[in-house]
Amino acid sequence: MSFDLQLQGKRALVTGGTKGVGAAVVHALWDAGVRVMATARSAPVHPVDGVLYVAADVSTAEGAAEVAQAVLSQWGGVDILVNVVGGSSAPGGGFAALDDAQWFKELNQNLMPAVRLDRALLPAMLAQGSGVIVHVSSIQRLLPLPESTTAYAAAKAALSTYSKALSKEVTPKGVRVLSVAPGWIETDAAIALVERVAAQAGTDAEVGKRIIMQSLGGIPLGRPAKPQEVADLISFLVSPRAGSISGAEYLIDGGTVPTI
Ligand SMILES: NC(=O)c1ccc[n+]([C@@H]2O[C@H](COP(=O)([O-])OP(=O)(O)OC[C@H]3O[C@@H](n4cnc5c(N)ncnc54)[C@H](OP(=O)(O)O)[C@@H]3O)[C@@H](O)[C@H]2O)c1
């Protein structure tokens with residue numbers, strides 16, 4: 001059986017598309033014949049030939065509007081919107097370390113870019129009667145770590161719930177909406193974290209990796225996911241091969257979440 005993703009010629013916007021998961025999604029979609037626009041605050045170190053890069057800070061309303069405008073003036077709309085951007089810069093120390101500014105920063109980084117870009121780009125999808133939106137959430141929404149991820153986890157929970165509500169609204173009009181919740185992913189930033197943890201503990205990278213996996217309650221698979229594996233899942237979900245999937249969240253975590 002051939003497994004052509006049938007994505008040739010589609011137009012996709014990928015936020016956070018220069019590093020980690022986003023860069024892997026850009027590569028995967030481009031390889032599948034998709035026309036891709038990617039955004040980040042800075043230019044990519046390893047740009048993909050043919051991909052359009054737009055520099056903007058999508059954690060602000062102005063930045064999100066700039067990106068939407070770039071898409072609309074270039075293509076008039078998109079068929080695929082993958083909201084990868086996210087992350088956390090909140091300090092450890094539990095609830096007391098999180099002032100209003102920290103809370104809004106997490107929401108602006110993890111919830112609002114998707115809300116704003118969806119709102120700007122959905123009208124064209126609805127007008128054409130088709131489209132796919134993917135939100136990259138996190139298993140933290142199910143497994144928050146009180147010392148360090150309370151605000152990030154809550155922002156991702158809001159993103160997942162928003163995603164479900166949006167899917168109910170627009171799936172009847174031809175637009176599928178999905179979310180993908182990864183566990184720990186072995187991005188360049190994760191590799192750097194392993195090295196820092198190992199150095200602090202006076203040990204090697206293998207043990208550093210195990211320390212991080214233990215902090216998540218263990219990963220039954222014994223390793224983090226690779227960015228390419230997350231990108232492969234997303235490529236399938238945005239393809240017509242997944243045409244009957246909407247309103248669902250897919251965990252990709254090597255079994256980290258201990259419940260069904
Ligand atoms: N890594 C993990 O273990 C893990 C686990 C679960 C969920 N996730 C989720 O997966 C997604 C990707 O994570 P990742 O680890 O692959 O990220 P990453 O390696 O830190 O890359 C983040 C990307 O987003 C861009 N970016 C960051 N802030 C931005 C902003 N304000 N405006 C525009 N672009 C911005 C970055 O480029 P610039 O810095 O140049 O802007 C970069 O391209 C995130 O939503 C994250 O929450 C990650």
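## Exercises on a predicted model

The protein chain has eight helices and seven strands. The model is predicted.

**Exercise 1.** Work out how compact the protein chain is, using its radius of gyration.

*Solution.* Start with the value for the chain: its radius of gyration is 18 Å. Next, take the globule rule, which gives 18 Å for 260 residues. The two values are close, so the chain is as compact as a globular protein of that length.

**Exercise 2.** Describe the shell of residues around the ligand.

*Solution.* Begin with the count: 28 residues surround the ligand. The closest are T18, R41, S42, V84 and Y152. Then sort the shell by residue class. It holds 11 nonpolar, 13 polar and four charged residues.

**Exercise 3.** Find polar atoms of K19, V21 and Y152 that lie within 3.5 Å of a ligand oxygen.

*Solution.* Take the residues in turn. K19 places a polar side-chain atom 2.9 Å from an oxygen atom of the ligand. V21 uses its backbone: a polar atom there is 2.8 Å from a ligand oxygen. Y152 has a polar side-chain atom 2.6 Å from an oxygen atom of the ligand. Last, name the elements that give two or more residues to the shell: α1 (20-31) and α5 (150-170).

**Exercise 4.** Characterise the second largest pocket by volume and lining.

*Solution.* First, the volume: about 150 Å³. Second, the lining, which includes L7, K10, D79, I80, R176 and P240. Third, the classes: the lining divides into five nonpolar, four polar and three charged residues.

Notes
Residues are numbered from 1 along each chain as its sequence is written. This is a predicted model: local features need pLDDT of at least 70, side-chain atom pairs count only at pLDDT 80 or more; totals for chains, interfaces and linings use all residues. Side-chain values use heavy atoms; hydrogens and water are left out. A residue is near a molecule or strand if one of its heavy atoms lies within 4 Å of it. A polar contact is a pair of N or O atoms within 3.5 Å; within protein, one must be able to donate a hydrogen and the other to accept it, and residues adjacent in sequence count only if both atoms are side-chain atoms. Helices (H or I, at least four residues) and strands (E, at least two) are DSSP runs, numbered from the N terminus. Ala, Val, Leu, Ile, Met, Phe, Trp, Tyr, Cys and Pro count as nonpolar, Asp, Glu, Lys and Arg as charged, and the others, Gly among them, as polar. On a 1 Å grid over the protein atoms alone, a cavity is a set of points where a 1.4 Å probe fits but cannot get out, and a pocket is an open set with protein on both sides within 12 Å along at least five of seven lines; lining residues have an atom within 4 Å of a point. Grid points are joined across faces, edges and corners, and a volume is the space filled by probe spheres set on the points. The radius of gyration is taken over C-alpha atoms; the globule rule is 2.2 Å times the number of residues to the power 0.38.
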